[in-house]
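Colleague: Could you walk me through this one? I have a few quick questions.

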Amino acid sequence: MATNVYMEALSPTMEEGRVVKWHKRDGDPVKTGETLAEVETDKAVMDLVARADGVLRQVAAAEGQTVAVGSVVAVIVAPGENVGATAAAATPATSSGSGKREGGNVATAAAPAPVAVAPLPTVAPADATRVKASPLARRMAKEAGVDLKLVTGSGPGGRVVKKDLERAPSPGTPAAPGATVAAPFPVSRVLPPERTGAAYQDVPLTQIRKTIAKRLATSLGPIPHFFLTTEVDMERASEARDALNKQLGDQGGKVSFNDIIIKATAHALTKHPACNAWFQEDHIRYWHEVHIGMAVAVEDGLITPVIRNAELQSLADIGREAKELAERARNRRLQPNEYTGATFSVSNLGMFDIDQFTAVINPPEAGIIAVGSIVQKAVVVDGQPAVRRRMRITMSCDHRVIDGATGAAFLKTLKQMLENPLAMLL
Amino acid sequence: MANSFDVIILGGGPAGYVAAIRAAQLGLSTAVIEKEKLGGVCVNIGCIPTKALLHSAYIASLLREAKEFGVEAGAVKTDYGVAMQRSRKVSDQNSKGVEFLMKKNKVTVVKGAGVLQSGRKVKVGNDVYEAKKAVLIATGSRVKGLPQIGLEINKTTVISSDEALFLEKAPASMAIIGAGAVGMEFANIFHAFGTKVILIEALPRILPLEDAEASDTLAKSYKKRGIEVIAGAKVKKGTAAKDKVTLEVEASGATQKIEVATVLMAAGRAVNTENIGLAECGVQVTDRGFIKVDQNLQTTAPGYYAIGDVAGPPMLAHKGMREGVTVAELVAGKKPHPIKYDNVPSVTYCHPEVASIGLTEDQCKERKLDYVAGRFPFSANGRARGTGETEGFVKILRDKKYGEIVGAHIVGGHASEIIHELAVARENEYTVEEVELAIHAHPTMSEAVAQAALDSLGRVVDM
């Protein structure tokens, strides 16, 4: 009895997956639970495991190919069993599925298919990715290099019409302000232009870029954001950090400013539960636990791994966990439970010499702190001019949950804690 | 309450009765208030009876040419009175048809003149009707004269289409002022019934809203058959006597005196917005006199909508009908497809017929569009040769880059029927290539559409 191997939904938001590498080849014996292939989801690279014992046959998705969740990518048959018409061809999820894309971050683009894919006897399933579009819209999209799948159709039944194409930004136009704030990391994935004479280069969206686009568009548009900025004196925090790191010494692991900020934020949130909340359309969920989402730049995007119960953890623990999560995020090895469930987020661009910025709220969270760089400034302290290390933080608030005074009160507590780290011990 | 409905529609013309049927289909209790006959101007004194008369005119002209086709009909005698009586029957049938549709859809018809009141109420006589959801204003329009030059409609020597449709006899001579659709059609009708017709247009060409090539073709055709056409003409003065009218007309720098038995005023229409209580309900009108509406055709008074001629140009029955459907669906909580006002076909039913959609070539030039014109004359169309309807052409204006059909113009027999292929194409954003790819039956007049599309692509076959 043959068992189909499906492209599984390996993350909650996954709609399609790209086969990065087959660990088993056609004809290899496999056991239940064994890794068959690595699959790039919208968030990370995950393992696709065998759900039966037997022999892997009819591998229908080549390395580098993107297929829709639910498509059959292979079958597992009993040893010696004749393979019948059980497997269907994997449904390509995008037209550019077979590794032609440039600047890709998985496998080798031109990797040869692991096995010669035998022509499958079944009729290919109906193309679920067919886009309804008028002939004029198709012609315009082709000319402009716009992927019709990414255009929302306003015609009858969601048909893409001329008007929608006139609205769609052509590739190469600067992204919307929201997107710039959200993905400011200088990760260059577009290759320097080669001398091909072409005016532009079309790079298909990766899974993570698609998710970023979808998620952020549900934030800055619908959520009534407002922003609060304050400047924090980091002199004492710097001193504390130096002292702590000296103490940690050769035990390994160092406390970063970011760890201190996460700790202070978590602590301040316990004192201002009104800011530690999710907007849930018909109700607001106020969290008793504090889970801090920490924006991490990865190649081609960003992801926010979550430091759970940050309010209960020591600075050293936060430091270790943050470092490990960031590392795994960059290697795209995060498990879904490691990047979901944050109650509040922190985004830090201090290392890029950004003085101050605004971050986009990650719904359903109601707030996010945007942290700028620490710079030495001449300020007046106790009536005397002094040079102090200063840092600007900006809080983005969802006004449906947090009002101006509520946010300001929280920010004041956070500022106090950073300016006097000992207060966190209270 | 007997006098309470979901929707009350003031006016039972094309916009009103279609809105009523659609509202009823969607389960809304609906009433239509009409002071005259159901069907409005269109059914009773507009589109429908004129089409009947035009067909009489067409038969007359066919018979006059019948000999050439091997049919001897003898001396052709015409009788406008008989044609008029037939046209009345056609109108009455259609009005009864609307009445039947109201019954079938359980729409209440209230006879009388309605006056709007605030609170979505309409007063008819002593009765007050209340709309729970919406009041639709569909009071339409009427012809207007030019009193400023002494040409007030007196209904005997200076008439409008309202009177022309009821004449017992075709007058010996007639000056028609205004060469839009109405003027063109009546010129055609009366000329066929033996009247000496002089067609006077203030703008530089007849059918001023159509493509210049269409105007030229019609001007030639009319002159050839003996209709006098004076375009770019100013009627300086009109003097109506008991059995004749004298006009002073200035054209091409010279003033001439024209004496005719009848003057037919076919210049412009006025909307019926007086004495229906608009101001009392807070319904405002525009500078041009139309009712001010938003994108959803809602007036400045919430709950009051305007559809049809009162809601603004183009003042065409089919545009009003679409507005009626759209507002009925909106009121029923549906999300209707937005009306594409740039895709309303315009038809003049004179012979040859003129039908168009989208931009004229002059408009393409004004807008500096990068366009290509494709043309095909009916003189090169087999079917047209067979029926002797070789006048006219199909002209398609397409966007140069993508092939979008930006405008289409047809002059010829059955142009009114042929235009819809291009209306469907434009509504669905088919380009000239899709139009050409559809196989057209041979021999048909419609083949000229495919050929014009091909011509715009530089690949015309039959020419």
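**Helix packing, contacts and cores**

Modeller: Helix H6 (residues 257-271) of chain A packs against helix H7 (residues 315-330) of chain A at an angle of about 120°, and their axes are 9 Å apart. Axes here are lines fitted to C-alpha atoms, for helices over the stretch in contact, with angles running from 0 to 180 degrees between N-to-C directions, and helices are DSSP runs of H or I with at least four residues, strands being E runs of at least two, both numbered from the N terminus. This is a predicted model, in which local features need pLDDT of at least 70 and side-chain atom pairs count only at pLDDT 80 or more, while totals for chains, interfaces and linings use all residues. Residues are numbered from 1 along each chain as its sequence is written, and chains are lettered from A and ligands numbered from 1 in the order in which they are written.

Colleague: Which residues in H6(A) and H7(A) meet?

Modeller: From H6(A) they are Asn258(A), Asp259(A), Ile260(A), Ile262(A) and Lys263(A), and from H7(A) they are Leu315(A), Ile318(A), Gly319(A) and Ala322(A), where contact requires C-beta atoms, placed from the backbone, to lie within 7 Å. By class, the contact of H6(A) with H7(A) has five nonpolar, two polar and two charged residues, counting Ala, Val, Leu, Ile, Met, Phe, Trp, Tyr, Cys and Pro as nonpolar, Asp, Glu, Lys and Arg as charged, and the others, Gly among them, as polar.

Colleague: Switching to the two chains, how many residues of chain A are in contact with chain B?

Modeller: Nine residues of chain A are in contact with nine residues of chain B. On the chain A side, helix H1 (residues 135-144) gives the most, with five residues, and that side divides into six nonpolar, one polar and two charged residues.

Colleague: And which residues of H1(A) are buried?

Modeller: The buried residues of H1(A) are Leu136(A), Ala137(A), Arg139(A), Met140(A) and Ala141(A); buried means that 20 or more other C-beta atoms lie within 10 Å of a residue's own, exposed means 12 or fewer, and partly exposed is in between, with C-beta atoms placed from the backbone. After H1(A) comes Gly145(A), with a positive phi near 70°.

Colleague: What about H9(B), is it largely enclosed or exposed?

Modeller: H9(B) is largely enclosed by the rest of the structure, because twelve of its 15 residues are buried. The cover over those buried residues includes, from chain B, strand S1 (4-10), helix H1 (14-25) and helix H3 (47-65). Gly333(B) follows H9(B) and has a positive phi, near 85°.

Colleague: Which residues have the most contacts inside the largest nonpolar core?

Modeller: That core has 146 residues, and those with the most contacts inside it are Ile8(B), Leu10(B), Ala19(B), Leu136(B), Ile176(B) and Leu199(B); a nonpolar core is a set of buried Ala, Val, Leu, Ile, Met, Phe, Trp, Tyr and Cys residues joined through C-beta atoms within 7 Å. Another core, of 81 residues, lies apart from it and has Leu10(A), Val39(A), Ala44(A) and Val290(A) among its members.

Colleague: Last one, where is Arg51(A) found?

Modeller: Arg51(A) is in the loop between strand S5 (45-49) and strand S6 (54-57) of chain A, and it is partly exposed, with 15 other C-beta atoms within 10 Å. Leaving aside neighbours within four places in sequence, Arg51(A) is in contact with Thr3(A) and Thr32(A).
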